[in-house]
Amino acid sequence: MTHATIAVAAGSLVAAWLIALVLIRGRRRWLQTMYAACGLAFLVMGIGFVGLEEGFLDPARQDIVLGTLLLAHALTAILVVGLIHGETLPRRRAAAFLLLGPVPVLAVFAPAEGWTLETAYDGNPVGGYLVLCLGIALAETVYARLTSRLYAAQSFWLSLGVVALFVGGPIYTYELQALGLPLSAGANVAAPVALGTFALVILQADPLPSSSRIPRGPWRGTGSLRAGEAIVFEEARPTYAIHTARTEAAAGRPTLVVARSAPPLTASGLGTATIPATRHAAVRLLTTASEFLAAHPGGLVVIPALADVVARSGRLRAFESVIRLKHAVKDTHSSVVLSTALLTDSERQNLKDLRLTWWSLPEPRRELDAILSQSFGSGAPRLLEAFCRAHGLRPDDLSTDHVPALIAFLQRTIAELTGAVEGSGAHGLRVQVEAASSVLRSFAALDASEVARGRWPSRGAPRTDEDLLVTAADYWKGKEMEELFASADAVSEREPLYERARAVFVEELGDAGEGVLRTQIARLGKRPEDLEKGDIVRIADRATVDLATLADVVDLPKEKDRLARQIDEIRVRLERLVREDA
Amino acid sequence: MASRFVTTLIRSAVLFLISVMLVLGFWFHSEFYQLGLTNLAIVGGFITFLVIGAARLAISGELPKGRPVGDLTFSLEEGDRILRGVAATVVRPAEGAPLPGVGQVVRAKYDTGPEFARLVVTDALRQHLSDLTEQDARDAGFRSTSALRGAAAGRWTWTPADVVTILRVRKLGAAR
């Protein structure tokens, strides 16, 4: 064997390994197929070259090697263009496939015209076609490098691969010709280098793994978000973004949440993907969302943690991915929701400059406070604080999802007062609580589009502590109100520890949470009504250990991560319950 | 001292290997260069230029992570915690001076001026200041969140609603 055949044979082995790697690790079917086709063409070409050199392939079969040489170059150009434009290539740049057209024509005419492997890079149509294919690939990567910050790294590696093919193909052939040495026609020693760089780009921009498998196919239902729009939710915390994802998924719309971490409770039909700690986060966000929308036209992608993408990949890359995503959304008649949570003022302004649909949304805590203020005046914050204490919640964590629990809390508070306040006073309080509950329910039932359009309670209701006017309601119910607030404080203190712990477990783990808590209580040998503060601490410790063991069994890193966060959150909230109870 | 010696040894070995490969390349292409002095001068000169450039980057420690994109300044105590590996994260206001992204290298400087390390950012995420946990504070080398806020109070005016960036960093190479 010669040095050339050994090198090409080794390169073919590397190519086979790379094809297997991409097929196993990749998540973009279309690009994987293109890569496999391109890689196989180079593989067959290499094996053919070794066969011809070593004599186990009939020299008359040179046409096969020439055919694969042509095919490999055409597929290289299409693959490189596809790696830059992603899954939109077949739809938006189908002309790229015209490059395959000349392959059969040139292969058929080659024997008659005397175009052989030895003259493949000479000044003939075959040579011109081969150089044209590589030229298109190189031009595309250079253009991407010059115009896109997002694809800067990827276009560098693609350029490297294409230049390697140039050096290992035409340039090396010309050098051998100049030296009068035997040509290694039909082989490109740089093929494994090029395939390696292409594989690197595929894996760098690979879509993120999603937690659930939603059946592919278009969705034709009606959602609360207009199709074909990228909508920015201006909010301090991604409350409405997550809420919208849940409600749309519950309505059957294929929905993907791309977040820092998966939401604790997932509805069926709701996929989740976690933004990785890499500088390619913006590219991967784009490919993940684009792939999802291409597979589920009419679907919804919610990005509550755009700020993390900005922090990891930089502002320019993150916002370029948003612009590209906007086009993908239009193409697929889908929707994308971007939350401004944790973005700085200047970043919000940059995002505004992109002229996306912009919805300003309120802070749920402030609105709940405003609604309660309409009925209970300046004591509303005390009620909310008491509720948060009772549920181990931080006020910032309040959302419309907590409205049913808040109403139940108010009703329990009224029930506690039954003995203390009688007659018209008690009746007045009940009416006020019912009125507040009704407004709370109505507010919680509003979706993001309605909230964005409508009047927020905090804007509509004058707060009694902001002006010095004393309303009639405050005047005649003043005494009962104070008793109500005291009762709410007492309810939060007297509410059985079991109920408060149960709320924590159920909110974090869903309905199964109550079972987990009951198991822990049973292991302590106690009944729910006998729980004490010390027991809560022990339950927090034991639940942490048990759930951590459960998390260790889970093989999926994302699910493992989600469980770990839920465990942490349960522990923190239980500790908060004990601390506030002390 | 030992780690610096090992680093120097590895860098020298890499340089030696590059030199050997350079000589092999010239030997392999000897026939090509026999075609004329011009070929040798242009092609050989260009290859040597690339190799010298790569070697310079290798020696300066800028390979494979590249040049620093900026500075992060630390108080003497904070810098000491980073150097000793007690702190793995850096908490900075998100608004204001641009912060490095993941994979980028920064010069770590004392607020008095001298550079004491090069840091590579391995993760970056945003958080409300009020959402920082005790674990976040411990990762940043502080006993508690209040200690973290207190230490930074002299440098930035923070309110609980402010957004901060938590950079997870790793020290590059041997100490300078």
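Helices (H or I, at least four residues) and strands (E, at least two) are taken as DSSP runs and numbered from the N terminus. The model is a predicted one, in which local features need pLDDT of at least 70 and side-chain atom pairs count only at pLDDT 80 or more, whereas totals for chains, interfaces and linings use all residues. Residues are numbered from 1 along each chain as its sequence is written, and chains are lettered from A and ligands numbered from 1 in the order in which they are written.

In chain A, helix 7 is followed by A:G180, which has a positive phi, near 70°. The helix itself comprises 28 residues (152–179) and spans 38 Å between its first and last C-alpha, close to the expected 40 Å (1.5 Å times one less than the number of residues). A bend of about 40° occurs at A:I171, taken as the angle between axes fitted to the seven residues ending there and the seven starting there. Among the buried residues of helix 7 are A:L158, A:G161, A:V162, A:L165, A:G168 and A:G169; a residue is buried if 20 or more other C-beta atoms, placed from the backbone, lie within 10 Å of its own. The cover over the buried residues of helix 7 includes helix 3 (62–85), helix 6 (125–147), helix 8 (191–204) and helix 10 (281–295) of chain A.

Contacts between the chains involve 18 residues of chain A and 16 residues of chain B, a contact being two residues whose C-beta atoms, placed from the backbone, lie within 7 Å. On the chain A side, helix 7, helix 11 (306–313) and helix 13 (345–352) each contribute at least two residues. Helix 11 gives the most, with 5 residues.

Chain B contains 6 helices and 5 strands, arranged from the N terminus as α-α-α-β-α-β-β-β-α-α-β. The 5 strands form an open sheet of mixed pairing in the order 1-3-4-5-2, where two strands pair if DSSP finds at least two bridges between them. Strand 1 (68–74) and strand 2 (89–93) of chain B lie at the edges with a single partner strand each, so one side of each has no neighbour in the sheet. Strand 4 (residues 115–128) and strand 5 (residues 163–171) of chain B run antiparallel and are joined by 9 bridges. B:V163 in strand 5 is the bridge partner of B:H128. Of the 176 residues of chain B, 23% count as buried. Residues 24 or more positions apart make up 71% of the chain B contacts with a separation of 6 or more.

Conventions. A residue is buried if 20 or more other C-beta atoms lie within 10 Å of its own, exposed if 12 or fewer, and partly exposed in between; C-beta atoms are placed from the backbone.
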